[in-house]
Amino acid sequence: MKTRLTLLSLILILVLIAVLAAGCGGGGGSGSVPSDSVAKVGSTPISKTTFNSLMNVAFARYKAQGQAEPKVGTAAYTQLRDQAVSFLVQEEELQEEAQKLGVTVSQKDVDARLALIRKTYYKNSQKKLEAALKKDDITLNELEQYNLRPTLLSEKLQAKVTSNIKVSTSAAQKYYNQNKASFTTPKTREVRHILVNSKSLASNIATQLKNGASFAKLAKKYSKDTASAAQGGKLCVAHGGSSGACQQTVPPFDKAAFSLKTNEISQPVHSVYGWHIIQPLGAVKPSHTQTFKEVESQIEANLAQQQKQVAWSNWLAKVKKDYQGKVSFQTGYAPPATTTPTVSVPTTTTG
C-alpha cells in the first residue's frame with residue numbers, strides 16, 4: 001500500500017498543527033455563554049453553527065475513507081470535540097490580536113493562496129481541485145474558513161511580530177568562530193572499487209586489471225556494491241566525515257583510498273563488508289574551511305529564523321496568558337487545558 005495525502009490531510013490538518021501547536025488559550029472566564037454558542041472569547045461568542053460546521057469537516061474525512069464517524073459519548077468523539085473547540089477559541093484570540101496589530105487577511109490573499117495550491121498540487125486545474133474537494137466532501141468555503149484564512153492570518157501575524165528581528169554581523173561572526181568545524185569540508189577523492197566475498201577472487205580480479213581488463217566491466221560483473229557497480233565501481237570518498245556526495249568509508253578502505261597513487265590498483269583490502277580492489281582516479285582534494293564571508297549570509301538567515309521562532313513562541317505564550325480568565329465555555333464543551341488545537345482525522349491510504 002502507498003500513502004496518498006488528500007486535500008485535507010495534506011493541507012488542512014498538518015498546517016493547523018504547525019500554525020497553532022504552540023497554542024494560545026484561556027479559560028477560567030466567568031461570563032455566561034449564550035445557549036446557541038459553545039464558548040465565548042471576551043464578548044465574542046463562538047456559535048454552535050460554526051462548531052458543527054468544523055466537526056462536519058472532520059466527519060467528512062471519515063466518510064471519505066469509508067469509516068464511521070465517532071459517536072457522541074465515545075473517547076474519539078470527545079477528543080475531536082475538544083480539539084475543535086480549542087481551535088475555534090484560539091482562532092478567535094488570534095483574530096482579536098490581529099485587529100490590535102492592524103493585520104488582516106483579504107480575499108485577494110485567499111485567492112492567491114488557493115491559486116498556489118491549485119498550481120502545486122493540481123497542475124493548475126480547477127476541475128482537479130474541485131474533484132479533490134468533492135472527494136473529501138468539503139466545500140471551497142470550508143477550505144477557506146478552516147485552512148486558508150487561519151493559515152494566512154498566522155503567517156501575517158508571525159511576520160508582524162518578528163519584523164524587527166535582525167542578526168548583526170558581529171553575532172554571525174561569533175557563531176562562525178564557535179562553530180568553525182561545521183564549515184570545514186573534509187579531504188575527498190574520486191575512486192572506484194570492486195567488492196567481493198573472497199580474497200582469492202579479489203586477487204584474481206586485481207591480476208586481470210593489471211593485465212588491462214576493464215574495471216567497469218569487472219565491477220558490473222563481480223561487485224557486491226551494486227550501487228557503485230552500476231557506475232563502473234565509481235564513488236567519492238571523504239576522510240573524517242561526509243561531504244556532499246562524498247561519503248566516509250570504513251578505516252581499511254579509507255586508508256587505502258587516500259594512500260594509493262592515482263590509477264594504482266590496490267592489493268585486496270579487507271573490511272567488514274568483504275574484500276575490495278580499489279583504484280584512485282584522481283588526486284586527493286584537500287580539506288577546506290569556508291571563510292566567514294562565504295557563509296555570512298547563510299549564518300545570518302539561520303540565526304534570524306531561530307530567533308523569529310523563539311519570538312513567535314514567546315508571543316503566543318503571552319497571548320495565552322493574556323486570555324486567562326477571558327474565555328468561557330458552554331457546559332459540556334470545555335476542553336482539557338492540554339488539548340492540542342488541531343482537528344485530527346485519519347490519513348487516507350490507497351492500494
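**Figure 1. The second largest pocket and the elements that line it.** In this predicted model, strand 3 (44–47), helix 3 (75–101) and helix 6 (140–161) each give at least two residues to the lining of the second largest pocket. The volume of this pocket is about 250 Å³. Its lining counts 13 residues, and those closest to the pocket centre are Thr50, Leu88, Glu91, Glu92 and Gln145. Sorted by class, the lining holds 6 nonpolar, 3 polar and 4 charged residues. The general idea behind such a view is that a probe the size of a water molecule, rolled over the atoms, shows where empty space is left.

Figure 2. Strand 2 (residues 37–41) and strand 3 run antiparallel and are joined by 4 bridges. Within this pair, Val41 stands opposite Thr44 of strand 3.

**Figure 3. The contact of helix 2 with helix 6.** These two helices pack with their axes 11 Å apart, at an angle of about 100°. Angles of 65 to 115 degrees count as roughly perpendicular, and helix 2 and helix 6 are therefore described as roughly perpendicular to each other. On the helix 2 side, the contact is made by Thr50, Ser53, Leu54 and Val57. On the helix 6 side, Glu142, Gln145 and Tyr146 take part. By class, the residues of this contact divide into 3 nonpolar, 3 polar and 1 charged. Two residues of the contact, Thr50 and Gln145, are also among the residues closest to the centre of the second largest pocket.

**Figure 4. The contact of helix 6 with helix 12.** Helix 6 also packs against helix 12 (residues 292–322), with an angle of about 110° and axes 9 Å apart. Helix 6 and helix 12 are therefore roughly perpendicular to each other. From helix 6, the residues in contact are Ser154, Leu157, Gln158 and Val161. They meet Lys308, Gln309, Ala311, Trp312 and Trp315 of helix 12. The classes in this contact are 5 nonpolar, 3 polar and 1 charged residues.

**Figure 5. The contact of helix 4 with helix 5.** Helix 4 (residues 107–122) and helix 5 (residues 126–135) have axes 9 Å apart and pack at about 90°. This pair is therefore roughly perpendicular as well. Leu114, Arg118 and Tyr122 of helix 4 meet Gln126, Lys128, Leu129 and Ala132 of helix 5. The contact comprises 4 nonpolar, 1 polar and 2 charged residues.

**Figure 6. Strand 6 and its two partners.** Both senses of pairing can be followed in this view of strand 6 (residues 234–238): antiparallel with strand 5 and parallel with strand 7. Strand 5 (residues 188–196) and strand 6 are paired over 5 bridges. Strand 7 (residues 247–248) is joined to strand 6 by 2 bridges. Val237 of strand 6 stands opposite Arg189, and in strand 7 the bridge partner of Val237 is Gln247. Ala238 stands opposite Gln248 in strand 7.

Technical notes. Residues numbered from 1 in each chain as written. Predicted model: local features only at pLDDT ≥ 70, side-chain atom pairs only at ≥ 80, totals over all residues. Heavy atoms only, no water. 1 Å grid on protein atoms, 1.4 Å probe; cavity = no way out; pocket = protein on both sides within 12 Å on 5 of 7 lines; lining within 4 Å. Points joined across faces, edges and corners; volume = space filled by probe spheres on them. Nonpolar A, V, L, I, M, F, W, Y, C, P; charged D, E, K, R; others polar. Pairing = 2+ DSSP bridges. Axes fitted to C-alpha atoms, helices over the stretch in contact; angles between N-to-C directions. Parallel < 35°, antiparallel > 145°, perpendicular 65-115°, else oblique. Contact = heavy atoms within 4.5 Å.
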